[in-house]
Amino acid sequence: MLANELGRRGIATVLLDQKPGTAFNPQANATQARTMEHYRRLGFADEIRKLGMPEDFPTDIAYFTRFAKHELARFRLPSSREARQLITTLAGSWSAAELPHRVAQKFVELVLRRHAERLPSVTVRYACRVNAFQVHESHVEADVNGQKIRTAYLVGADGPRSLVRQKMSWRYAGETGVARDFVGGRMYAVYCRVPDFYREIPHPPAWMNVSFNRERRSFMPAVDGRGEFAFHTQLKPHEDEAAIDDAGAAAMVRQAIGAPLRVEVLARDTWTAGHALVAERFAEGRVFIAGDAAHLFTPTGGLGYNTAVEDAVNLGWKLAAVIKGCPGSPLLESYEAERKALAERNTAYARKFADSLGNFQPVAEIEDETPAGEAARRHAGEYLAAHGRAEFNIPGITFGGRYDGSPAIVSDGSSPPPESANTYVPTACPGGRPPHLWLPDGRSLYDLFGFEWTLLCMGEAPAADDSNLKVVPLQNGAVRDLYGADYALIRPDQIVAWRGNDARAALRALEKLRG
Ligand SMILES: Cc1cc2nc3c(=O)[nH]c(=O)nc-3n(C[C@H](O)[C@H](O)[C@H](O)COP(=O)(O)OP(=O)(O)OC[C@H]3O[C@@H](n4cnc5c(N)ncnc54)[C@H](O)[C@@H]3O)c2cc1C
(Lines give C-alpha, C1' and ligand atoms only; values in the text may rest on other atoms or scores of the structure.)
Protein backbone atom coordinates (compact mmCIF):
# COMPACT_ATOMS: atom_id res chain seq x y z
CA MET A 1 0.00 0.00 0.00
CA LEU A 2 2.84 2.37 0.82
CA ALA A 3 4.55 1.55 -2.49
CA ASN A 4 1.26 2.42 -4.21
CA GLU A 5 0.93 5.74 -2.36
CA LEU A 6 4.54 6.71 -3.09
CA GLY A 7 4.62 5.38 -6.64
CA ARG A 8 1.44 7.22 -7.59
CA ARG A 9 3.31 10.37 -6.63
CA GLY A 10 6.33 9.48 -8.73
CA ILE A 11 8.62 8.79 -5.76
CA ALA A 12 11.39 6.27 -6.46
CA THR A 13 10.55 3.39 -4.15
CA VAL A 14 11.96 -0.08 -3.61
CA LEU A 15 9.84 -2.64 -1.79
CA LEU A 16 11.86 -5.50 -0.29
CA ASP A 17 10.27 -8.64 1.13
CA GLN A 18 12.12 -11.72 2.29
CA LYS A 19 9.25 -14.02 1.30
CA PRO A 20 9.17 -15.47 -2.23
CA GLY A 21 5.88 -13.68 -2.96
CA THR A 22 2.64 -12.49 -1.42
CA ALA A 23 0.91 -14.46 1.36
CA PHE A 24 -0.27 -18.03 0.71
CA ASN A 25 -2.18 -18.18 3.99
CA PRO A 26 -5.45 -16.25 4.00
CA GLN A 27 -4.42 -14.12 7.07
CA ALA A 28 -6.79 -11.17 7.63
CA ASN A 29 -10.36 -11.64 6.48
CA ALA A 30 -12.09 -8.30 6.78
CA THR A 31 -11.44 -5.18 4.74
CA GLN A 32 -13.17 -2.36 6.59
CA ALA A 33 -15.21 0.29 4.80
CA ARG A 34 -12.61 3.00 5.38
CA THR A 35 -9.93 0.80 3.80
CA MET A 36 -12.30 0.18 0.86
CA GLU A 37 -12.68 3.96 0.52
CA HIS A 38 -8.90 4.23 0.21
CA TYR A 39 -8.88 1.47 -2.42
CA ARG A 40 -11.57 3.47 -4.23
CA ARG A 41 -9.38 6.60 -4.05
CA LEU A 42 -6.60 4.61 -5.72
CA GLY A 43 -9.05 3.25 -8.29
CA PHE A 44 -9.20 -0.46 -7.43
CA ALA A 45 -12.05 -0.90 -4.91
CA ASP A 46 -14.21 -2.67 -7.50
CA GLU A 47 -11.37 -5.06 -8.30
CA ILE A 48 -11.06 -5.92 -4.59
CA ARG A 49 -14.82 -6.31 -4.13
CA LYS A 50 -14.86 -8.99 -6.84
CA LEU A 51 -12.37 -11.09 -4.88
CA GLY A 52 -13.03 -13.78 -2.32
CA MET A 53 -16.48 -15.31 -2.22
CA PRO A 54 -19.02 -15.33 -5.09
CA GLU A 55 -20.89 -12.03 -5.35
CA ASP A 56 -24.16 -13.49 -4.06
CA PHE A 57 -22.57 -15.20 -1.03
CA PRO A 58 -23.91 -13.79 2.27
CA THR A 59 -21.32 -12.31 4.61
CA ASP A 60 -23.23 -13.40 7.74
CA ILE A 61 -21.50 -14.05 11.03
CA ALA A 62 -22.97 -17.25 12.45
CA TYR A 63 -22.41 -18.99 15.79
CA PHE A 64 -22.97 -22.73 16.22
CA THR A 65 -22.32 -25.32 18.88
CA ARG A 66 -20.66 -27.15 15.95
CA PHE A 67 -21.14 -26.18 12.32
CA ALA A 68 -23.23 -29.32 11.58
CA LYS A 69 -25.19 -29.09 14.83
CA HIS A 70 -27.12 -26.25 16.51
CA GLU A 71 -27.11 -22.72 15.18
CA LEU A 72 -27.00 -20.32 18.14
CA ALA A 73 -27.07 -16.85 16.57
CA ARG A 74 -26.62 -15.14 13.22
CA PHE A 75 -25.82 -11.55 12.33
CA ARG A 76 -26.97 -11.06 8.74
CA LEU A 77 -24.82 -8.99 6.42
CA PRO A 78 -25.11 -8.35 2.68
CA SER A 79 -23.37 -10.16 -0.15
CA SER A 80 -20.89 -8.09 -2.16
CA ARG A 81 -23.49 -7.57 -4.89
CA GLU A 82 -26.01 -6.31 -2.32
CA ALA A 83 -23.33 -4.15 -0.66
CA ARG A 84 -22.68 -2.31 -3.93
CA GLN A 85 -26.38 -1.40 -4.26
CA LEU A 86 -27.08 -0.87 -0.57
CA ILE A 87 -24.35 1.68 0.03
CA THR A 88 -25.97 4.30 -2.21
CA THR A 89 -29.11 4.22 -0.04
CA LEU A 90 -27.55 4.47 3.43
CA ALA A 91 -27.25 7.55 5.63
CA GLY A 92 -26.05 8.35 9.14
CA SER A 93 -23.51 5.89 10.54
CA TRP A 94 -23.12 4.18 7.16
CA SER A 95 -23.04 7.27 4.99
CA ALA A 96 -20.01 6.15 3.03
CA ALA A 97 -18.59 5.60 -0.43
CA GLU A 98 -17.97 1.90 0.30
CA LEU A 99 -19.22 -0.81 2.67
CA PRO A 100 -16.82 -3.35 4.21
CA HIS A 101 -15.76 -6.35 2.15
CA ARG A 102 -15.01 -9.81 3.51
CA VAL A 103 -12.03 -11.10 1.63
CA ALA A 104 -8.84 -12.90 2.59
CA GLN A 105 -5.71 -10.75 2.74
CA LYS A 106 -3.95 -13.19 0.38
CA PHE A 107 -6.20 -12.00 -2.47
CA VAL A 108 -5.90 -8.31 -1.55
CA GLU A 109 -2.10 -8.52 -1.49
CA LEU A 110 -2.07 -9.74 -5.10
CA VAL A 111 -3.99 -6.67 -6.25
CA LEU A 112 -1.82 -4.27 -4.25
CA ARG A 113 1.28 -5.94 -5.67
CA ARG A 114 0.03 -5.81 -9.27
CA HIS A 115 -0.80 -2.11 -9.00
CA ALA A 116 2.52 -1.29 -7.32
CA GLU A 117 4.45 -3.17 -10.01
CA ARG A 118 2.75 -1.14 -12.74
CA LEU A 119 4.11 2.14 -11.35
CA PRO A 120 7.28 3.19 -13.19
CA SER A 121 9.01 4.58 -10.07
CA VAL A 122 8.39 1.44 -7.98
CA THR A 123 10.61 -1.63 -7.86
CA VAL A 124 9.13 -4.67 -6.10
CA ARG A 125 11.67 -7.28 -5.05
CA TYR A 126 10.71 -10.49 -3.29
CA ALA A 127 13.20 -12.95 -1.78
CA CYS A 128 15.21 -9.93 -0.58
CA ARG A 129 16.05 -9.73 3.08
CA VAL A 130 17.19 -6.58 4.84
CA ASN A 131 19.93 -7.90 7.13
CA ALA A 132 21.06 -4.63 8.66
CA PHE A 133 21.00 -0.89 8.10
CA GLN A 134 22.84 2.26 9.18
CA VAL A 135 21.32 5.69 9.44
CA HIS A 136 23.53 8.55 8.17
CA GLU A 137 22.85 12.25 8.17
CA SER A 138 21.94 12.37 4.48
CA HIS A 139 20.68 8.84 3.82
CA VAL A 140 20.08 5.30 5.08
CA GLU A 141 22.22 2.40 3.91
CA ALA A 142 20.76 -1.10 4.05
CA ASP A 143 22.36 -4.49 3.55
CA VAL A 144 19.99 -6.43 1.29
CA ASN A 145 21.03 -10.03 0.57
CA GLY A 146 24.63 -8.88 1.07
CA GLN A 147 24.35 -5.88 -1.28
CA LYS A 148 24.20 -2.23 -0.22
CA ILE A 149 21.16 -0.12 -1.03
CA ARG A 150 21.11 3.61 -0.30
CA THR A 151 17.84 5.43 0.26
CA ALA A 152 16.65 8.74 1.66
CA TYR A 153 14.18 7.05 4.00
CA LEU A 154 13.52 3.57 5.36
CA VAL A 155 10.08 2.32 6.39
CA GLY A 156 9.97 -0.93 8.33
CA ALA A 157 6.64 -2.51 7.41
CA ASP A 158 8.29 -5.75 8.42
CA GLY A 159 5.78 -7.38 10.72
CA PRO A 160 5.71 -8.28 14.41
CA ARG A 161 9.37 -9.29 14.67
CA SER A 162 10.40 -6.09 12.88
CA LEU A 163 14.15 -5.84 12.41
CA VAL A 164 13.75 -2.09 11.94
CA ARG A 165 11.92 -1.63 15.25
CA GLN A 166 14.44 -3.76 17.08
CA LYS A 167 17.49 -2.03 15.57
CA MET A 168 16.01 1.32 16.54
CA SER A 169 15.52 -0.06 20.10
CA TRP A 170 11.84 0.86 20.07
CA ARG A 171 9.98 -1.48 22.38
CA TYR A 172 6.37 -2.58 22.14
CA ALA A 173 4.36 -1.32 25.11
CA GLY A 174 0.97 -2.52 26.30
CA GLU A 175 -0.54 -5.84 27.12
CA THR A 176 0.68 -9.27 26.06
CA GLY A 177 0.13 -12.89 27.04
CA VAL A 178 -3.49 -12.41 28.11
CA ALA A 179 -5.10 -15.80 28.81
CA ARG A 180 -8.73 -16.37 27.84
CA ASP A 181 -10.90 -19.43 27.18
CA PHE A 182 -10.67 -18.37 23.52
CA VAL A 183 -8.56 -15.78 21.60
CA GLY A 184 -6.10 -15.56 24.46
CA GLY A 185 -3.25 -18.02 24.07
CA ARG A 186 -1.49 -20.14 21.49
CA MET A 187 -3.63 -20.40 18.36
CA TYR A 188 -3.48 -22.97 15.59
CA ALA A 189 -4.40 -21.93 12.04
CA VAL A 190 -5.43 -24.47 9.42
CA TYR A 191 -5.98 -23.29 5.86
CA CYS A 192 -8.13 -26.09 4.49
CA ARG A 193 -10.59 -27.33 1.94
CA VAL A 194 -13.78 -29.11 3.02
CA PRO A 195 -15.32 -30.01 -0.37
CA ASP A 196 -18.66 -31.26 1.02
CA PHE A 197 -19.19 -28.52 3.59
CA TYR A 198 -22.00 -26.62 1.86
CA ARG A 199 -23.76 -29.82 0.80
CA GLU A 200 -23.70 -31.45 4.23
CA ILE A 201 -24.20 -28.56 6.65
CA PRO A 202 -27.88 -28.06 7.51
CA HIS A 203 -27.65 -24.27 7.77
CA PRO A 204 -27.50 -21.36 5.32
CA PRO A 205 -23.95 -20.38 4.34
CA ALA A 206 -22.14 -17.70 6.34
CA TRP A 207 -18.88 -15.87 5.83
CA MET A 208 -17.76 -16.26 9.47
CA ASN A 209 -18.48 -19.57 11.22
CA VAL A 210 -17.82 -19.70 14.96
CA SER A 211 -17.99 -22.93 16.97
CA PHE A 212 -18.92 -22.68 20.65
CA ASN A 213 -18.56 -25.87 22.66
CA ARG A 214 -16.24 -27.15 25.37
CA GLU A 215 -14.13 -29.36 23.16
CA ARG A 216 -13.22 -27.15 20.19
CA ARG A 217 -13.87 -23.44 20.04
CA SER A 218 -12.91 -21.92 16.72
CA PHE A 219 -13.59 -19.28 14.13
CA MET A 220 -13.57 -20.25 10.50
CA PRO A 221 -14.15 -17.65 7.79
CA ALA A 222 -14.98 -18.81 4.28
CA VAL A 223 -12.14 -18.04 1.89
CA ASP A 224 -13.73 -18.67 -1.52
CA GLY A 225 -17.31 -19.68 -0.67
CA ARG A 226 -16.71 -22.99 -2.42
CA GLY A 227 -15.17 -25.04 0.36
CA GLU A 228 -11.92 -23.29 1.34
CA PHE A 229 -11.70 -22.01 4.90
CA ALA A 230 -9.28 -20.30 7.28
CA PHE A 231 -9.81 -22.29 10.49
CA HIS A 232 -8.41 -20.98 13.79
CA THR A 233 -8.59 -22.70 17.15
CA GLN A 234 -6.86 -22.22 20.48
CA LEU A 235 -4.57 -24.99 21.62
CA LYS A 236 -5.41 -26.60 24.95
CA PRO A 237 -2.66 -26.78 27.56
CA HIS A 238 -2.02 -30.47 26.74
CA GLU A 239 -1.85 -29.91 22.95
CA ASP A 240 1.71 -29.64 21.67
CA GLU A 241 1.90 -27.72 18.41
CA ALA A 242 5.05 -29.58 17.36
CA ALA A 243 3.18 -32.89 17.55
CA ILE A 244 0.30 -31.84 15.29
CA ASP A 245 0.48 -33.24 11.75
CA ASP A 246 -1.94 -32.86 8.81
CA ALA A 247 -4.17 -35.62 10.20
CA GLY A 248 -4.25 -33.98 13.63
CA ALA A 249 -5.05 -30.59 12.09
CA ALA A 250 -7.87 -32.10 10.01
CA ALA A 251 -9.24 -33.79 13.15
CA MET A 252 -9.43 -30.41 14.92
CA VAL A 253 -11.43 -28.97 12.01
CA ARG A 254 -13.76 -32.01 12.09
CA GLN A 255 -14.32 -31.53 15.83
CA ALA A 256 -15.56 -28.01 15.16
CA ILE A 257 -17.74 -29.22 12.27
CA GLY A 258 -19.22 -32.06 14.33
CA ALA A 259 -19.52 -34.37 11.31
CA PRO A 260 -17.05 -36.75 9.65
CA LEU A 261 -16.38 -34.64 6.55
CA ARG A 262 -13.22 -34.89 4.45
CA VAL A 263 -10.78 -32.09 5.34
CA GLU A 264 -7.81 -31.36 3.07
CA VAL A 265 -5.09 -29.37 4.82
CA LEU A 266 -3.50 -26.71 2.57
CA ALA A 267 -1.31 -25.05 5.19
CA ARG A 268 -0.86 -24.92 8.96
CA ASP A 269 0.63 -22.33 11.24
CA THR A 270 0.64 -21.11 14.83
CA TRP A 271 0.15 -17.62 16.18
CA THR A 272 -0.54 -15.97 19.52
CA ALA A 273 -3.76 -14.22 20.51
CA GLY A 274 -3.72 -11.90 23.50
CA HIS A 275 -1.58 -8.97 22.34
CA ALA A 276 -2.55 -5.33 22.50
CA LEU A 277 0.85 -3.82 21.77
CA VAL A 278 1.98 -0.50 20.36
CA ALA A 279 5.59 0.54 19.76
CA GLU A 280 6.97 3.37 21.87
CA ARG A 281 8.15 5.21 18.76
CA PHE A 282 6.95 5.09 15.14
CA ALA A 283 9.55 7.42 13.66
CA GLU A 284 12.89 9.10 14.16
CA GLY A 285 14.70 11.07 11.49
CA ARG A 286 14.86 8.97 8.34
CA VAL A 287 13.38 5.79 9.82
CA PHE A 288 9.73 4.85 10.23
CA ILE A 289 7.77 1.76 11.16
CA ALA A 290 4.23 0.86 10.11
CA GLY A 291 1.73 -1.98 10.31
CA ASP A 292 2.32 -4.93 12.63
CA ALA A 293 5.88 -3.67 13.17
CA ALA A 294 4.29 -0.74 15.01
CA HIS A 295 1.24 -2.40 16.59
CA LEU A 296 0.09 -5.92 17.29
CA PHE A 297 -3.56 -6.85 17.64
CA THR A 298 -5.70 -9.76 18.66
CA PRO A 299 -7.72 -10.13 15.45
CA THR A 300 -11.18 -9.63 17.00
CA GLY A 301 -12.81 -6.70 15.23
CA GLY A 302 -10.61 -7.25 12.18
CA LEU A 303 -8.49 -4.16 12.77
CA GLY A 304 -4.83 -5.17 12.41
CA TYR A 305 -4.46 -5.14 8.64
CA ASN A 306 -6.81 -2.19 8.29
CA THR A 307 -4.79 -0.15 10.77
CA ALA A 308 -1.68 -1.13 8.79
CA VAL A 309 -3.22 0.12 5.54
CA GLU A 310 -4.10 3.43 7.19
CA ASP A 311 -0.52 3.84 8.44
CA ALA A 312 0.66 3.57 4.84
CA VAL A 313 -2.02 5.97 3.63
CA ASN A 314 -1.04 8.46 6.34
CA LEU A 315 2.70 8.24 5.70
CA GLY A 316 2.70 8.03 1.89
CA TRP A 317 1.58 11.54 0.94
CA LYS A 318 3.60 13.12 3.77
CA LEU A 319 6.85 11.43 2.75
CA ALA A 320 6.18 12.33 -0.89
CA ALA A 321 5.54 15.98 -0.01
CA VAL A 322 8.74 16.25 2.00
CA ILE A 323 10.81 14.47 -0.67
CA LYS A 324 9.33 16.75 -3.34
CA GLY A 325 10.44 19.89 -1.57
CA CYS A 326 8.51 20.76 1.56
CA PRO A 327 11.35 20.01 4.01
CA GLY A 328 10.18 22.57 6.58
CA SER A 329 6.70 21.17 6.91
CA PRO A 330 5.33 19.64 10.11
CA LEU A 331 4.02 16.73 8.08
CA LEU A 332 6.56 14.03 8.89
CA GLU A 333 6.52 14.66 12.62
CA SER A 334 2.73 14.34 12.52
CA TYR A 335 2.97 10.69 11.42
CA GLU A 336 3.89 9.35 14.83
CA ALA A 337 1.57 11.75 16.66
CA GLU A 338 -1.38 10.70 14.54
CA ARG A 339 -0.84 6.99 14.06
CA LYS A 340 0.41 6.03 17.52
CA ALA A 341 -2.74 7.42 19.14
CA LEU A 342 -4.86 5.58 16.58
CA ALA A 343 -2.99 2.32 17.20
CA GLU A 344 -3.57 2.66 20.94
CA ARG A 345 -7.26 3.31 20.34
CA ASN A 346 -7.72 0.43 17.90
CA THR A 347 -5.77 -2.17 19.89
CA ALA A 348 -7.93 -1.26 22.92
CA TYR A 349 -11.12 -1.89 20.91
CA ALA A 350 -9.78 -5.24 19.65
CA ARG A 351 -8.91 -6.26 23.21
CA LYS A 352 -12.41 -5.41 24.40
CA PHE A 353 -13.93 -7.61 21.69
CA ALA A 354 -11.52 -10.42 22.57
CA ASP A 355 -12.57 -10.19 26.24
CA SER A 356 -16.24 -10.23 25.28
CA LEU A 357 -15.88 -13.32 23.07
CA GLY A 358 -13.08 -15.18 24.80
CA ASN A 359 -14.18 -14.83 28.41
CA PHE A 360 -17.72 -16.03 27.65
CA GLN A 361 -17.49 -19.76 28.19
CA PRO A 362 -19.73 -22.62 27.09
CA VAL A 363 -21.44 -24.44 29.96
CA ALA A 364 -21.22 -28.25 30.24
CA GLU A 365 -24.76 -28.89 28.92
CA ILE A 366 -24.49 -26.63 25.84
CA GLU A 367 -24.72 -29.61 23.46
CA ASP A 368 -27.22 -31.72 25.43
CA GLU A 369 -30.58 -32.61 23.86
CA THR A 370 -32.36 -31.72 27.10
CA PRO A 371 -34.35 -28.73 28.36
CA ALA A 372 -31.23 -27.57 30.22
CA GLY A 373 -29.24 -27.85 26.96
CA GLU A 374 -31.88 -25.88 25.09
CA ALA A 375 -31.86 -23.17 27.78
CA ALA A 376 -28.05 -23.00 27.63
CA ARG A 377 -28.15 -22.61 23.85
CA ARG A 378 -30.81 -19.90 24.08
CA HIS A 379 -28.73 -17.98 26.61
CA ALA A 380 -25.54 -18.40 24.56
CA GLY A 381 -27.41 -17.37 21.41
CA GLU A 382 -28.63 -14.14 22.99
CA TYR A 383 -25.17 -13.30 24.25
CA LEU A 384 -23.43 -14.13 20.97
CA ALA A 385 -26.01 -12.23 18.88
CA ALA A 386 -25.29 -9.09 20.90
CA HIS A 387 -21.56 -9.73 20.74
CA GLY A 388 -21.67 -10.24 16.96
CA ARG A 389 -23.49 -6.94 16.40
CA ALA A 390 -20.96 -5.17 18.60
CA GLU A 391 -17.87 -6.70 16.94
CA PHE A 392 -18.96 -6.67 13.30
CA ASN A 393 -20.94 -3.43 12.98
CA ILE A 394 -18.28 -0.86 13.83
CA PRO A 395 -18.65 2.30 11.74
CA GLY A 396 -17.71 4.36 14.80
CA ILE A 397 -14.31 2.64 14.98
CA THR A 398 -13.50 2.56 11.30
CA PHE A 399 -14.83 6.01 10.30
CA GLY A 400 -14.41 7.78 13.63
CA GLY A 401 -10.60 7.74 13.99
CA ARG A 402 -9.34 11.27 14.60
CA TYR A 403 -6.12 13.27 14.62
CA ASP A 404 -7.08 16.05 17.02
CA GLY A 405 -4.11 18.04 18.25
CA SER A 406 -1.87 16.94 15.38
CA PRO A 407 0.52 19.50 13.84
CA ALA A 408 -1.00 18.53 10.46
CA ILE A 409 -4.48 19.71 11.47
CA VAL A 410 -5.71 23.28 12.00
CA SER A 411 -8.34 23.26 14.72
CA ASP A 412 -11.34 25.57 14.41
CA GLY A 413 -12.00 25.38 18.13
CA SER A 414 -14.96 23.04 17.75
CA SER A 415 -15.16 19.61 19.40
CA PRO A 416 -16.15 16.40 17.63
CA PRO A 417 -19.18 14.43 18.86
CA PRO A 418 -18.36 11.78 21.49
CA GLU A 419 -17.00 8.55 20.04
CA SER A 420 -18.81 5.23 20.10
CA ALA A 421 -17.78 1.95 18.45
CA ASN A 422 -21.09 1.08 16.81
CA THR A 423 -22.36 4.45 15.69
CA TYR A 424 -20.62 7.13 13.72
CA VAL A 425 -21.75 10.73 13.67
CA PRO A 426 -20.42 12.50 10.56
CA THR A 427 -18.61 15.73 11.40
CA ALA A 428 -16.36 18.09 9.48
CA CYS A 429 -14.65 19.17 12.70
CA PRO A 430 -11.01 19.27 11.48
CA GLY A 431 -9.05 16.10 12.26
CA GLY A 432 -11.44 13.41 11.05
CA ARG A 433 -12.90 11.75 7.97
CA PRO A 434 -14.84 14.18 5.80
CA PRO A 435 -18.61 13.63 5.94
CA HIS A 436 -19.76 11.65 2.92
CA LEU A 437 -22.75 12.28 0.70
CA TRP A 438 -24.17 10.85 -2.51
CA LEU A 439 -24.69 13.78 -4.89
CA PRO A 440 -27.93 14.25 -6.86
CA ASP A 441 -26.21 12.92 -10.00
CA GLY A 442 -25.36 9.66 -8.18
CA ARG A 443 -21.67 10.34 -7.66
CA SER A 444 -19.92 9.95 -4.33
CA LEU A 445 -18.71 13.25 -2.91
CA TYR A 446 -15.32 11.57 -2.46
CA ASP A 447 -15.04 10.98 -6.21
CA LEU A 448 -14.84 14.77 -6.63
CA PHE A 449 -11.82 15.04 -4.36
CA GLY A 450 -8.38 15.52 -5.91
CA PHE A 451 -5.57 12.99 -5.48
CA GLU A 452 -3.64 15.54 -3.40
CA TRP A 453 -5.33 18.42 -1.54
CA THR A 454 -8.95 19.43 -2.09
CA LEU A 455 -10.68 22.71 -1.27
CA LEU A 456 -14.42 22.11 -1.09
CA CYS A 457 -16.11 25.42 -1.81
CA MET A 458 -19.73 25.83 -0.84
CA GLY A 459 -19.01 29.60 -1.06
CA GLU A 460 -17.36 31.37 -4.01
CA ALA A 461 -14.38 29.40 -5.28
CA PRO A 462 -11.03 31.24 -5.08
CA ALA A 463 -8.47 31.29 -7.88
CA ALA A 464 -5.58 29.01 -6.86
CA ASP A 465 -2.62 28.26 -9.06
CA ASP A 466 -1.42 25.08 -7.38
CA SER A 467 -1.08 21.73 -9.15
CA ASN A 468 -1.43 19.93 -5.81
CA LEU A 469 -4.76 21.53 -4.94
CA LYS A 470 -8.09 20.74 -6.56
CA VAL A 471 -10.66 23.47 -6.02
CA VAL A 472 -14.15 21.95 -6.07
CA PRO A 473 -17.02 24.44 -6.37
CA LEU A 474 -20.12 22.83 -4.88
CA GLN A 475 -23.20 25.01 -4.53
CA ASN A 476 -25.06 22.33 -2.62
CA GLY A 477 -27.03 23.22 0.51
CA ALA A 478 -26.87 19.67 1.87
CA VAL A 479 -23.06 19.67 1.70
CA ARG A 480 -22.91 23.15 3.29
CA ASP A 481 -25.10 21.89 6.16
CA LEU A 482 -23.08 18.71 6.55
CA TYR A 483 -19.77 20.58 6.67
CA GLY A 484 -21.04 23.50 8.78
CA ALA A 485 -18.87 25.99 6.86
CA ASP A 486 -18.42 27.57 3.43
CA TYR A 487 -15.03 25.94 2.86
CA ALA A 488 -13.27 22.73 3.90
CA LEU A 489 -9.68 21.81 3.14
CA ILE A 490 -9.25 18.05 2.71
CA ARG A 491 -5.87 16.33 3.00
CA PRO A 492 -4.66 13.79 0.43
CA ASP A 493 -5.55 10.99 2.88
CA GLN A 494 -9.15 12.26 2.99
CA ILE A 495 -9.05 13.92 6.40
CA VAL A 496 -10.46 17.39 7.07
CA ALA A 497 -7.42 19.62 7.71
CA TRP A 498 -9.25 22.93 8.12
CA ARG A 499 -12.70 24.44 7.74
CA GLY A 500 -14.04 27.98 7.81
CA ASN A 501 -15.79 30.74 5.92
CA ASP A 502 -12.78 32.55 4.42
CA ALA A 503 -11.19 31.03 1.32
CA ARG A 504 -7.95 33.00 1.77
CA ALA A 505 -7.56 31.53 5.25
CA ALA A 506 -7.88 28.05 3.69
CA LEU A 507 -5.00 28.78 1.32
CA ARG A 508 -2.91 30.15 4.21
CA ALA A 509 -3.63 26.99 6.22
CA LEU A 510 -2.44 24.91 3.27
CA GLU A 511 0.81 26.91 3.03
CA LYS A 512 1.41 26.46 6.74
CA LEU A 513 0.79 22.72 6.71
CA ARG A 514 3.07 22.21 3.73
CA GLY A 515 5.78 24.32 5.30
C1 LIG B 1 -5.63 -15.33 12.12
C2 LIG B 1 -5.49 -13.89 11.81
C3 LIG B 1 -6.61 -13.22 11.38
C4 LIG B 1 -6.50 -11.89 11.10
N5 LIG B 1 -7.64 -11.24 10.72
C6 LIG B 1 -7.58 -9.92 10.49
C7 LIG B 1 -8.73 -9.22 10.03
O8 LIG B 1 -9.80 -9.79 9.82
N9 LIG B 1 -8.62 -7.87 9.81
C10 LIG B 1 -7.44 -7.23 10.03
O11 LIG B 1 -7.41 -6.01 9.85
N12 LIG B 1 -6.31 -7.89 10.43
C13 LIG B 1 -6.34 -9.22 10.66
N14 LIG B 1 -5.21 -9.87 11.00
C15 LIG B 1 -3.93 -9.16 11.10
C16 LIG B 1 -3.20 -8.97 9.76
O17 LIG B 1 -2.94 -10.19 9.12
C18 LIG B 1 -1.89 -8.22 10.00
O19 LIG B 1 -2.18 -7.11 10.81
C20 LIG B 1 -1.25 -7.74 8.69
O21 LIG B 1 -0.75 -8.81 7.94
C22 LIG B 1 -0.12 -6.77 8.97
O23 LIG B 1 0.50 -6.40 7.77
P24 LIG B 1 2.00 -5.92 7.76
O25 LIG B 1 2.31 -5.64 6.33
O26 LIG B 1 2.21 -4.88 8.77
O27 LIG B 1 2.83 -7.16 8.27
P28 LIG B 1 3.02 -8.60 7.59
O29 LIG B 1 1.81 -9.00 6.84
O30 LIG B 1 3.54 -9.47 8.68
O31 LIG B 1 4.16 -8.35 6.53
C32 LIG B 1 5.50 -8.09 6.92
C33 LIG B 1 6.38 -8.51 5.78
O34 LIG B 1 7.71 -8.14 6.09
C35 LIG B 1 8.59 -9.14 5.61
N36 LIG B 1 9.84 -9.04 6.36
C37 LIG B 1 10.03 -9.18 7.69
N38 LIG B 1 11.33 -8.95 8.02
C39 LIG B 1 11.96 -8.67 6.86
C40 LIG B 1 13.32 -8.33 6.55
N41 LIG B 1 14.27 -8.22 7.49
N42 LIG B 1 13.64 -8.09 5.25
C43 LIG B 1 12.69 -8.17 4.26
N44 LIG B 1 11.38 -8.48 4.53
C45 LIG B 1 11.04 -8.72 5.81
C46 LIG B 1 7.84 -10.43 5.82
O47 LIG B 1 8.28 -11.40 4.91
C48 LIG B 1 6.39 -10.02 5.56
O49 LIG B 1 5.98 -10.28 4.23
C50 LIG B 1 -5.26 -11.21 11.26
C51 LIG B 1 -4.15 -11.90 11.68
C52 LIG B 1 -4.25 -13.23 11.96
C53 LIG B 1 -3.04 -13.97 12.43
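Guide: Gladly! Let us start with an open sheet of three strands, ordered β11-β17-β20, whose pairing is antiparallel. β11 (172–175) and β20 (295–296) are its edges: each has a single partner strand, so one side of each has no neighbour in the sheet. This is a predicted model, where local features need pLDDT of at least 70 and side-chain atom pairs count only at pLDDT 80 or more, while totals for chains, interfaces and linings use all residues. Residues are numbered from 1 along each chain as its sequence is written, and side-chain values use heavy atoms, leaving out hydrogens and water.

Visitor: What makes β17 and β20 a pair?

Guide: Two strands pair if DSSP finds at least two bridges between them. Strand β17 (residues 276–279) is joined to β20 by two bridges, and the two run antiparallel. As an example, V278 has H295 in β20 as its bridge partner.

Visitor: And what is counted as a strand or a helix?

Guide: Both are DSSP runs numbered from the N terminus: helices are H or I with at least four residues, strands are E with at least two. β20 covers 295–296, so this run meets the strand cut-off of at least two. In total, the chain has 14 helices and 24 strands.

Visitor: How do you know that the chain is as compact as a globular protein of its length?

Guide: The radius of gyration, taken over C-alpha atoms, is set against the globule rule, which is 2.2 Å times the number of residues to the power 0.38. For 515 residues the rule gives 24 Å, and the chain's value is 24 Å, so the chain is as compact as a globular protein of that length. Its C-alpha atoms fill a box of roughly 75 × 60 × 35 Å along the principal axes.

Visitor: Which helix lies across that sheet, and at what angle to β17?

Guide: Helix α10 (residues 331–358) lies across β11, β17 and β20, at about 170 degrees to β17. Axes are lines fitted to C-alpha atoms, for helices over the stretch in contact (heavy atoms within 4.5 Å). Angles run from 0 to 180 degrees between N-to-C directions.

Visitor: What makes β7 and β9 edge strands?

Guide: They belong to an open sheet of three strands in the order β7-β8-β9, with antiparallel pairing. β7 (130–135) and β9 (147–151) each pair on one side only. Neighbouring strands in this sheet are turned by 20 degrees against each other on average, direction ignored. β7 and strand β8 (residues 140–144) share five bridges in the antiparallel sense, and F133 stands opposite A142 in β8.

Visitor: Why is R433 called buried?

Guide: Buried means under 20% relative accessible area, exposed means over 50%, and partly exposed is in between (1.4 Å probe, protein chains only). R433 has 2%, so it counts as buried. R433 sits in the loop between α12 (395–399) and β21 (453–457). Across the chain, buried residues make up 58% of the 515 residues.

Visitor: How do you know that R433 makes polar contacts with Y424 and Y446?

Guide: A polar contact is a pair of N or O atoms within 3.5 Å; within protein, one must be able to donate a hydrogen and the other to accept it, and residues adjacent in sequence count only if both atoms are side-chain atoms. The side chains of R433 and Y424 are joined at 3.0 Å, and those of R433 and Y446 at 3.3 Å. Leaving aside neighbours within four places in sequence, R433 is also in contact with other residues, including R34, E37 and F399.

Visitor: Is N213 buried or exposed?

Guide: N213 is at 0% relative accessibility, so it counts as buried. Its place is in the loop between β13 (208–211) and β14 (218–221). The side chain of N213 reaches the backbone oxygen of T65 at 2.9 Å, and a polar atom of that side chain lies 2.6 Å from the backbone nitrogen of R216.

Visitor: Why is S169 called exposed?

Guide: S169 has a relative accessible area of 57%, so it passes the cut-off of over 50%. S169 lies in the loop between α6 (163–167) and β11, and has a positive phi of about 60 degrees although it is not a glycine. V183 also has a positive phi, near 45 degrees, but V183 counts as buried at 2% relative accessibility.
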